[in-house]
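Visitor: Hi, could you walk me through this one? I'd like to ask things as they come up.
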Amino acid sequence: MTRYIRNKFIGLIIVLIGVTILSFIFSNISSVDPAEAFARRTILNPTTEQVENLREEMGFNLPVHIQYLNWLRNCIKGDLGISLLTKNPVIYDISKKLPATLSIVSLAFLWIIAITLPVSILSALSKDNFFDHIMRMITIIGISIPNFWLGFLMLVVFAIAIPIFDVVAYGDFKGLILPSLTLAIPIASSSIRLLRATILSNMNKDFVIYARARGISRNNIICKHILKNSMPPMVTVFCQNIGYMIAGSAIVENVFSWPGIGRHLVDAIIARDLPTINACVLVIAIIFVLLNLFADVLNCAINPKILQETGGF
Amino acid sequence: MLKKIYKNKQAMVGLIMIFIVLFIAVFAPIIAINDPEEINPMNKFVKTSPHYPLGADQLGRCVFSRLVYGARYSLGISIPTLFILALISISIGTISAYLGGRFDDIFSIISDIFMAFPPLIVVLSLVGALGQGIRNIVAAVVFSMWVWFAKIVRSFVLMEKNKEYIIASKIAGCSDYKIIMSHIIPNILPSLIVCFSTGIAGLMLMISGFSFLGLGIEAGAAEWGSMLSSGRAYLYSHPSLIVYPGICILFTAAGFNLFGEALRDIISPKEV
């Protein structure tokens with residue numbers, strides 16, 4: 001187990017180095033000259049000389065790999081640069097916006113678990129029955145619906161037609177419900193389909209026949225034996241979905257005017273605020289990588305057989 | 001195979017929905033009653049009438065005609081994107097799985113790095129760096145998604161590669177190129193079609209999401225996502241401006257999803 005985790009950590013470090021290189025490349029393929037862009041923001045009518053001075057001062061005249069190393073050194077120190085838009089340190093902006101996003105995402109995650117588990121078990125139990133057909137229809141719609149549209153529908157129905165919620169409601173728990181549901185419904189739909197298929201494919205396995213031969217009831221088999229064996233792919237998918245939701249919050253936060261990191265990123269893109277774009281991408285990627293690692297370790301704890309298959313002992 | 005599709009109700013419903021959208025996209029100039037870009041301030045927010053079947057928007061443009069032309073944008077962007085994606089991911093995935101060894105290791109490391117970014121974030125940051133425009137959106141989507149598809153292709157090829165008929169054809173002296181082109185690819189093609197036909201719905205949703213955010217397609221274009229985005233200012237007074245484009249996106253994506261899922265059931269019946 002420790003060796004498996006250690007190997008995973010070595011892999012993680014390689015991936016993280018790659019992530020920093022890639023996000024550095026993302027910010028450098030821009031056709032905008034960063035020195036000139038900065039000069040135009042700070043000085044009214046910059047002369048060529050001033051731009052060149054700035055270039056030297058900010059290190060844009062250095063070779064690319066040295067620029068990368070400098071950037072990386074600053075990143076490790078926690079200095080991700082100054083936002084061109086708000087003039088605050090980027091890391092300060094992000095640390096202020098991230099909690100708002102995390103609160104939606106964590107509530108959405110709870111919704112997903114609360115919806116997915118019972119519905120997919122019931123669908124698998126009543127395969128090809130009325131309930132199963134209805135759920136298949138609903139989940140098809142759920143995976144095909146654009147989530148920004150879903151958000152607007154929620155607003156129109158639950159905030160305008162039937163005013164249960166406020167249209168702009170940042171601050172209290174009630175305001176979290178609509179955005180988190182909007183984020184959760186498409187993902188819950190795809191998770192239901194996946195879990196249902198996994199449960200059904202486990203139905204024919206030998207351990208199920210054995211359990212049935214021991215006289216254990218069908219419901220008991222599904223809830224205890226099959227569900228436990230269907231968990232590993234779901235754990236991976238659930239953890240990945242948290243990452244997707246943090247990214248997908250860009251759209252949902254825009255619909256609900258929610259001051260989170262996704263909306264911050266979109267605003268930065270429209271204003272071409274490169275340090276902020278860079279830092280947001282880096283933070284989200286690191287969260288995503290850590291979640292994947294967490295999923296691997298959790299899977300190991302649930303099902304130690306994975307260790308044998310990958311030769312981790 | 002075709003017979004099975006014909007018999008499967010879900011596949012037929014999906015296929016009909018896809019054909020309806022394709023038909024509308026191809027014959028848009030005939031179906032549309034008005035010019036989708038024609039601005040007519042006199043007719044601002046007019047109600048449904050024979051001349052404006054679904055009313056007009058905030059600039060007096062015919063909503064129905066704009067929706068009809070929107071089908072062109074939606075399919076016209078996502079289908080070419082899918083073809084580029086398929087070409088890149090099939091070639092890289094197949095080569096990496098078939099050659100194995102060091103090449104495969106390098107591919108694994110690169111794919112791990114790319115997979116550390118949620119696709120949406122890659123596209124957002126690339127559009128941020130490259131600037132807007134349809135071509136940039138397509139490039140960004142391809143750049144962010146290829147690795148996910150290549151990984152799937154690779155797993156298919158790995159499963160196929162060790163089957164006995166491949167070993168037999170190697171012994172018979174087939175060249176690697178011939179084995180890949182005339183044995184492996186035709187055999188994994190059905191699974192690939194399933195994978196890409198469900199993928200196209202996701203692509204469409206993603207691209208319309210970007211135009212909703214105001215990234216990619218220029219504002220005011222008759223694209224479903226940007227129609228939704230410009231309609232949001234009239235959420236209270238004219239919710240129908242938001243409802244119609246959303247239904248169009250939902251209809252098209254559901255068509256592709258239904259068809260793809262049914263195809264999967266037909267190809268691998270034991271899974272469901």
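Visitor: How many salt bridges are there across the interface of chain B and chain A?
Guide: The rule finds one salt bridge there, where the term means a side-chain nitrogen of Lys or Arg within 4 Å of a carboxyl oxygen of Asp or Glu. Keep in mind that this is a predicted model, in which local features need pLDDT of at least 70, side-chain atom pairs count only at pLDDT 80 or more, and totals for chains, interfaces and linings use all residues. Residues are numbered from 1 along each chain as its sequence is written, chains are lettered from A and ligands numbered from 1 in the order in which they are written, and side-chain values use heavy atoms, with hydrogens and water left out.

Visitor: Which residue does Arg193(A) form a salt bridge with?
Guide: Its partner is Glu261(B), and the closest N and O atoms are 2.4 Å apart. Both Arg193(A) and Glu261(B) are buried, meaning under 20% relative accessible area, while exposed is over 50% and partly exposed lies in between (1.4 Å probe, protein chains only).

Visitor: And how many residue pairs are in polar contact across that interface?
Guide: Four residue pairs, both residues being at pLDDT 80 or more. A polar contact is a pair of N or O atoms within 3.5 Å; within protein, one must be able to donate a hydrogen and the other to accept it, and residues adjacent in sequence count only if both atoms are side-chain atoms.

Visitor: Which helix gives the largest share of the side of chain B that touches chain A?
Guide: That is H11(B), with twelve residues. Helices here are DSSP runs (H or I, at least four residues), strands are E runs of at least two, and both are numbered from the N terminus.

Visitor: What area do the two chains bury between them?
Guide: About 4,200 Å², with 78% of it on carbon and sulfur atoms. Buried area is the accessible area (1.4 Å probe) that two parts lose on being put together, summed over both. In residues, 47 of chain B are in contact with 48 of chain A, contact being heavy atoms within 4.5 Å.

Visitor: Switching topic: how many salt bridges are there over all chains?
Guide: The count comes to five. Among them, Asp112(B) pairs with Lys151(B), with the closest N and O atoms 4.0 Å apart. Asp112(B) is in helix H5 of chain B and Lys151(B) in helix H7 of chain B, so the pair ties together parts 39 residues apart in sequence.

Visitor: Is Asp112(B) buried or partly exposed?
Guide: Asp112(B) counts as partly exposed, at 38% relative accessibility. Lys151(B) is also partly exposed, with a relative accessible area of 24%. Another bridge joins Glu160(B) and Lys163(B), with the closest N and O atoms 3.4 Å apart; there Glu160(B) is buried, at 9%, and Lys163(B) is partly exposed, at 39%.

Visitor: Okay, chain A now. How many helices and strands?
Guide: Chain A has 13 helices and zero strands. Of its 313 residues, 47% are buried.

Visitor: What does the domain assignment of chain A give?
Guide: It gives domain 1 (2-76) and domain 2 (99-304); such bounds come from an automatic or database domain assignment. Their centres, taken over C-alpha atoms, are separated by 34 Å.

Visitor: What area is buried between those domains?
Guide: About 1,300 Å², of which carbon and sulfur atoms give 76%. H1(A) gives the most to the domain 1 side, with twelve residues.

Visitor: How many residues are in the largest nonpolar core?
Guide: It has 162 residues, and those with the most contacts inside it are Val19(A), Phe152(A), Leu155(A), Phe117(B) and Leu124(B). A nonpolar core is a set of buried Ala, Val, Leu, Ile, Met, Phe, Trp, Tyr and Cys residues joined through side-chain atoms within 4.5 Å.

Visitor: What does Val19(A) touch?
Guide: Leaving out residues up to four places away in sequence, Val19(A) touches Leu282(A), Ala285(A), Val289(A), Ile113(B), Ala116(B) and Phe117(B).

Visitor: Last one: how many residues of H11(A) are buried?
Guide: Seven of its ten residues are buried, and the helix spans residues 261-270. Just after H11(A), Arg272(A) takes a positive phi of about 55°.
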